[in-house]
Amino acid sequence: LLQGGLAQVMTHWRLAETPSPSLAAGWPKTFRNSVFECADGVWVHVMAAPEKVPLMRAELDRMGPERVAELNQAMGFEHLLFPNLGANIEAFLAHPSGAWLEALWAADISVQPAMELGQIYQDAQAREMGYVAEIDDPDLGPLLQPGPIVGLVPPMAIKGPAPRAGGAAPGWPQRPAPSGAPPAAKPLAGLRVIDFGQHLAGPFATMLMADLGAEVIKIESLEGDAMRPFEWAFIGCQRGKRALALNLKLPDARAIVHDLVREADVVLHNLRLPAAERLGIDYATLSAINPRLIYTHCSAYGSHGPRKDWPGYDQLFQALSGWESACSGEGNRPDWLRYGMMDHQCAMSAAYGTLLALIARRTTGAGQLVTASILGASIMTTSGVVIVRPDGSIGEGPPVDALQTGVGPGRRLYACADGWLALVADDIQLAGLGPDLEALFAADTVDVGLRLAHAAGASAAPARTGVSEAFLSDRRNAELGLAASYPHPRYGRLTQPGALVSMDGLPMVSDLAPPLLGQHTRAILAEAGYDAATVDRLGNEGVVVEAA
């Protein structure tokens with residue numbers, strides 16, 4: 001569980017000897033999320049300033065420049081991405097969500113409504129992709145549940161409903177007994193992966209494979225991954241990779257890609273497919289060069305259907321899946337749960353599908369196309385918290401309270417005199433603690449509260465804040481591989497969350513720090529057979545870039 005939690009903080013926790021201002025600042029918790037309430041009470045999460053949208057332009061014109069300036073000034077701050085934030089807030093209240101969604105989608109602005117948990121099962125694109133399956137549960141009857149969310153050959157299939165309590169376990173084939181000897185090498189040692197991904201969902205998947213021993217070559221444009229300016233986020237999904245910078249619009253760069261792909265096992269990216277086709281890195285082109293290639297594509301909405309080429313971001317799927325509404329607390333505006341939650345889920349499903357395809361290749365000798373999406377992964381995150389029936393009715397547990405402390409007296413945070421305590425207790429344990437838990441815990445320290453909770457048989461832990469530096473600096477975490485440290489050419493000694501998977505006797509984090517743009521260009525090309533003079537020529541002609 002701890003290592004699963006580390007996946008969610010990879011883009012937020014780091015220590016560096018010489019951090020840049022961007023790396024040191026990180027993503028501020030006070031950042032105003034771009035969620036807007038519409039006239040019908042529905043909130044929408046918008047990922048770009050909407051001034052080019054005719055409907056918004058008409059509303060701003062109706063207000064007039066003086067009113068627009070007054071509303072913006074009333075915000076008390078300038079938003080980095082929404083220069084007319086105050087006026088935008090008032091404009092969205094003038095029309096229902098359906099009108100705004102239609103207008104924003106028509107302008108190619110990424111937006112989704114903040115739905116309630118479970119409503120995503122009725123989403124037309126999710127149904128088109130087969131991400132929703134009807135299961136006849138032996139106790140509850142027909143239910144909607146997540147279907148296969150990874151595209152493979154042969155396709156994944158649902159074997160049946162969950163078994164009844166006390167039912168017979170399914171039979172499993174006999175396996176050879178383990179030898180007891182620790183593995184001699186990481187499981188993906190010798191595997192070569194070409195990573196064309198940008199942002200988070202694609203690159204995080206290849207970083208997981210690098211941690212498991214794969215050789216990962218990150219190929220970027222000469223301008224670099226679009227996330228490089230956000231250094232705190234970029235380094236959270238790039239360790240263990242070597243970097244090659246190419247201008248893929250030029251024939252010589254495509255020839256380099258073809259040379260690398262001939263020797264590769266996996267290509268993985270999360271570009272929109274039309275862009276991949278324009279750059280000549282689509283599945284048809286690369287699989288013709290290497291029929292054994294596993295080609296994994298992470299999309300926003302899936303590989304087919306009306307939204308297959310739509311852009312998408314982590315925030316949109318936190319909204320669409322219901323988590324922004326569910327976690328905000330009763331009566332509060334939907335709240336984005338920090339950067340990366342759904343991107344990480346997509347990346348892990350993509351890595352999972354890639355490994356399954358590699359196992360299949362051992363038998364068939366052939367490569368294949370593997371698909372994953374943020375939409376599919378976001379549906380899977382809801383499977384344990386709601387019951388959805390085919391008629392659309394939804395059953396769920398108690399909501400998060402307005403103060404966002406929890407879902408009831410036995411599962412919530414309590415304020416103590418010197419901090420916060422997280423409590424998990426059943427009815428009997430609550431009765432042993434007394435009738436007024438808030439007063440009980442508020443009267444003393446967290447340590448005292450822990451003793452009281454444990455004496456009643458309940459589970460409790462201190463709910464700490466600002467723990468990243470202490471965690472990463474802890475010698476025990478370094479020994480366990482839960483914190484990883486390596487030299488970085490710009491930041492000096494860089495420490496990040498460590499192994500997300502442990503295997504007996506093996507270090508599960510590469511000693512390669514997140515690379516600079518083009519840091520390994522010359523070395524990678526030399527390995528591919530390009531001599532120094534050729535690399536110099538390619539650099540002079542703007543085909544490649546080496547790190548300064």
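User: How many salt bridges does a search of the whole structure find?

Analyst: Start with the general idea. Side chains of opposite charge can pair when their charged atoms come close. In this predicted model, a search of the whole structure finds 25 salt bridges. One of them joins the side chains of R67 and E90, with N to O at 2.8 Å.

User: Which parts of the chain does the R67 and E90 pair tie together?

Analyst: Look at the elements that hold the two residues. R67 is in helix 4 (residues 65-74) and E90 is in helix 5 (residues 85-92), so the bridge ties together parts 23 residues apart in sequence.

User: Where do R192 and E215 lie, and how far apart are they in the chain?

Analyst: R192 belongs to strand 7 (residues 192-195) and E215 to strand 8 (residues 215-220). They are 23 residues apart, and the pair links distant parts of the chain. R192 and E215 form a salt bridge, and their closest N and O atoms are 3.0 Å apart.

User: What is the accessibility of R192 and of E215?

Analyst: Read each partner separately. R192 is buried, with a relative accessible area of 16%. The cut-off for buried is under 20%. E215 comes out at 28%, so E215 counts as partly exposed.

User: Which elements hold R522 and D536?

Analyst: R522 sits in helix 22 (residues 521-527), and D536 in helix 23 (residues 532-540). The two are 14 residues apart, and again the pair links distant parts of the chain. Their side chains meet in a salt bridge of 2.6 Å, N to O. R522 is partly exposed at 29% relative accessible area. D536 is partly exposed too, at 38%.

User: Which residues do salt bridges with shared partners join into one network?

Analyst: Follow the shared partners. R192, E215, R242 and E527 are joined into one network this way.

User: Next, a loop residue. Where is T381, and what does T381 touch?

Analyst: T381 is in the loop between helix 16 (374-380) and strand 13 (386-388). Leaving aside residues up to four places away in sequence, T381 touches W323, M342 and Q345. A polar contact of 2.9 Å joins the side chains of T381 and W323. The T381 side chain also reaches the backbone oxygen of S378, at 2.6 Å. For a C-alpha distance, take S321: it is 60 residues from T381 along the chain, and their C-alpha atoms are separated by 8.2 Å.

User: On to strands. Which way do the residues of strand 10 point?

Analyst: In a regular strand the side chains alternate between the two faces of the sheet. Strand 10 (residues 266-269) has V266 and L268 pointing one way, and V267 and H269 the other way. All of these are buried.

User: In what sense does strand 10 pair with strand 7 and with strand 11?

Analyst: Take one neighbour at a time. Strand 7 and strand 10 pair in the parallel sense, over three bridges. D195 stands opposite L268 in strand 10. Strand 10 and strand 11 (residues 294-299) are also paired in the parallel sense, over four bridges. There V267 stands opposite Y295 in strand 11.

User: How many aromatic pairs are there?

Analyst: The count comes to 13 aromatic pairs. For each pair, read the centre distance and the angle between planes. W27 and F31 form a tilted pair, with 4.7 Å centre to centre and 50° between the planes. Y301 and W310 have ring centres 5.7 Å apart and planes at 85°, so that pair is edge-to-face. Y301 is buried, at 1% relative accessible area. W310 is partly exposed, at 28%.

User: Which residues do ring pairs link into a cluster?

Analyst: Ring pairs link W27, F31, W232, W336 and Y339 into a cluster.

User: Which charged residues sit over the rings of W310 and Y414?

Analyst: Check the distance to the ring centre. R307 lies over the face of W310, 5.8 Å from the ring centre. R412 has its charged end over the ring of Y414, at 4.0 Å from the centre.

Conventions. Residues are numbered from 1 along each chain as its sequence is written. This is a predicted model: local features need pLDDT of at least 70, side-chain atom pairs count only at pLDDT 80 or more; totals for chains, interfaces and linings use all residues. Side-chain values use heavy atoms; hydrogens and water are left out. A salt bridge is a side-chain nitrogen of Lys or Arg within 4 Å of a carboxyl oxygen of Asp or Glu. Buried means under 20% relative accessible area, exposed over 50%, partly exposed in between (1.4 Å probe, protein chains only). Contact means heavy atoms within 4.5 Å. A polar contact is a pair of N or O atoms within 3.5 Å; within protein, one must be able to donate a hydrogen and the other to accept it, and residues adjacent in sequence count only if both atoms are side-chain atoms. Two strands pair if DSSP finds at least two bridges between them. Rings of Phe, Tyr and Trp (its six-membered ring) pair if their centres lie within 6.5 Å; planes under 30 degrees apart count as stacked, over 60 as edge-to-face and the rest as tilted. A charge sits over a ring if NZ of Lys or CZ of Arg is within 6 Å of the ring centre and within 35 degrees of the ring normal.
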